[in-house]
Amino acid sequence: MTPRAHLTLLELQRKVKLTLSEQFALPVWVSAEISDLKVNYSGHCYLELIEKEQKSDNGVPVAQARAVIWRSAYARIAAYFEAETGQRLAPGIRILAQVVVNYHELYGFSLQITAIDSAYTLGDMEQQRLETIARLQKEGAWEMNHTLEMPLLVQRIAVISSAQAAGYQDFCKELARSGYHYRLTLFDAFMQGAAAEESIIDALGRVAEQQEAFDAVVIVRGGGSTSDLNCFNAYRLSSHVAQFPLPVLTGIGHDKDQSVVDLVAHTALKTPTAVAGWLNERMERIEGWLEGAAQQLAELTVSRMREAELRLEQRMSELNRLAMERTLREQLLLEKFDERLAERLTQALRNEQRRLERAAEVVESRSPQQILQLGFAILRADGKAISTTETLKRQSTLQVELADGTTEITLKQ
Amino acid sequence: MAKKTIKYSDAIQEIEQILEKFRNEQLDVDKLASEVKRASELITACKKRLKEVEEEVANILEK
């Protein structure tokens, strides 16, 4: 039995290769997303390109192909791309690449990238950025972190960064320079590369688990390099930051347009150092306010004391015045009593005098002289008045007093 | 007379009461001296308390 007409595998592969090279004699421009990228020891860059289903975030790939940038072109292409877009060639980025279609009998289908149009990626990034913004606004998440109230004292800080990142060191150094006491807790995360977005979201989740322990979250990222900012424009991370229950401060370290994360964060600053400066300034303001309050407290206390003292002085002098008035009045009253007393006394004396005078008159009317005038006589013997016959019988010589004088008489027995 | 323990506000109230008696002339002359004495003792106590509080406050604010 003769085998039916057929090709060997190699013959088939050669045919495919020939057809492809005829069909794609010249390089073509292809748009795709990088899903994987590795630079091997020899300096060649191997990529996986994919195309995802439209209108889906974690869309299923509907096409996939291997691609390579040879060492000779890689340095130039990568550097140019990074300079233009501020973005390293990395998984997750959509590119427009000029490719030569290759087919190798042993290794199969691959694309050799000879140029990358950075304007396409820029446009795509901007497009994504605008879409992210529009979506967050539509969902109502856009303003959420802005409307949180930044605590007066931002002292307990959750820092999301990479422990080794220069930006994190800068941040800590600047805070330490101020001399204020902060309590920093680092939530380590990849701040660049394909894993950055999920890693930062994971760190945010860990902070949220103990949100009561923090006043604010700071997201800082190494200074210098401006690349790999894409994740800060990504929807998922932006959405997490916007809806985070604590105020978020960013110092992502770039001077181009603000990223979406910056836009939704409570407060965005250009660099980690600037975030630290902002925190220090806030501390200074609070310290100043506290000093002012202490000053005011002292002044108010002193003036309250003075008032109270003055009130006491017034009471004291009123007391003096009232007591003096009172005693004076009593004195006057007593003096009046005195006067009245004197009057009464005079009156009484006068009455007494009159009574005495009347008595005198009575007495006068009964005086011996008056009686003698009436013709009575007083008999005396040896100067003593004689009032009984018995006494008279014993006398021989008597003195007789009459109204006009005294004469002596001798009695005959 | 619990002079040591009397509250400032109570002392002030008592001073006012004494003054009120003076103003209304309700005071017996016999009690005049003792009331004046009581009121000025209270005022002195209040002044002393004020001074203490002032020093306390100064100390607190210095820290």
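## Chain B

In this predicted model, 14% of the 63 residues of chain B count as buried. Chain B has 2 helices and 0 strands.

## Helix α3 of chain A

Now for a helix worth a walk along its length. Helix α3 of chain A covers residues 118-139, and at 1.5 Å a residue its 22 residues should span 32 Å; the end C-alpha atoms are 31 Å apart, which agrees. Just after α3(A), A:Gly140 takes a positive phi of about 85°.

Which residues of α3(A) are buried? They are A:Ser118, A:Thr121, A:Arg129, A:Thr132 and A:Leu136. These residues lie on the same side of α3(A), because they cover an arc of only 75° around the axis. An α-helix has 3.6 residues a turn, so residues three or four places apart point the same way. The cover over the buried residues of α3(A) includes α2, β4, β5, α6 and α7 of chain A. On the face turned away from the buried side sit the exposed residues A:Ala119, A:Glu126, A:Gln127, A:Leu130, A:Ala134 and A:Lys138.

## The nonpolar cores

The largest nonpolar core has 45 residues, and A:Ile160, A:Val217, A:Val218 and A:Val264 have the most contacts inside it. Elements of chain A that give two or more residues to this core include β6, α4, α5, β8 and α8.

Beyond its neighbours within four places in sequence, A:Val264 is in contact with A:Leu136, A:Trp142, A:Asn145, A:Ser238, A:Val241 and A:Ala242. A second, separate core of 18 residues includes A:Leu37, A:Leu49, A:Ile69 and A:Leu111.

Conventions
Residues are numbered from 1 along each chain as its sequence is written. Chains are lettered from A and ligands numbered from 1 in the order in which they are written. This is a predicted model: local features need pLDDT of at least 70, side-chain atom pairs count only at pLDDT 80 or more; totals for chains, interfaces and linings use all residues. Helices (H or I, at least four residues) and strands (E, at least two) are DSSP runs, numbered from the N terminus. A residue is buried if 20 or more other C-beta atoms lie within 10 Å of its own, exposed if 12 or fewer, and partly exposed in between; C-beta atoms are placed from the backbone. The expected span of a helix is 1.5 Å times one less than its number of residues. The arc is that of the directions from the helix axis to the C-beta atoms. Two residues are in contact if their C-beta atoms, placed from the backbone, lie within 7 Å. A nonpolar core is a set of buried Ala, Val, Leu, Ile, Met, Phe, Trp, Tyr and Cys residues joined through C-beta atoms within 7 Å.
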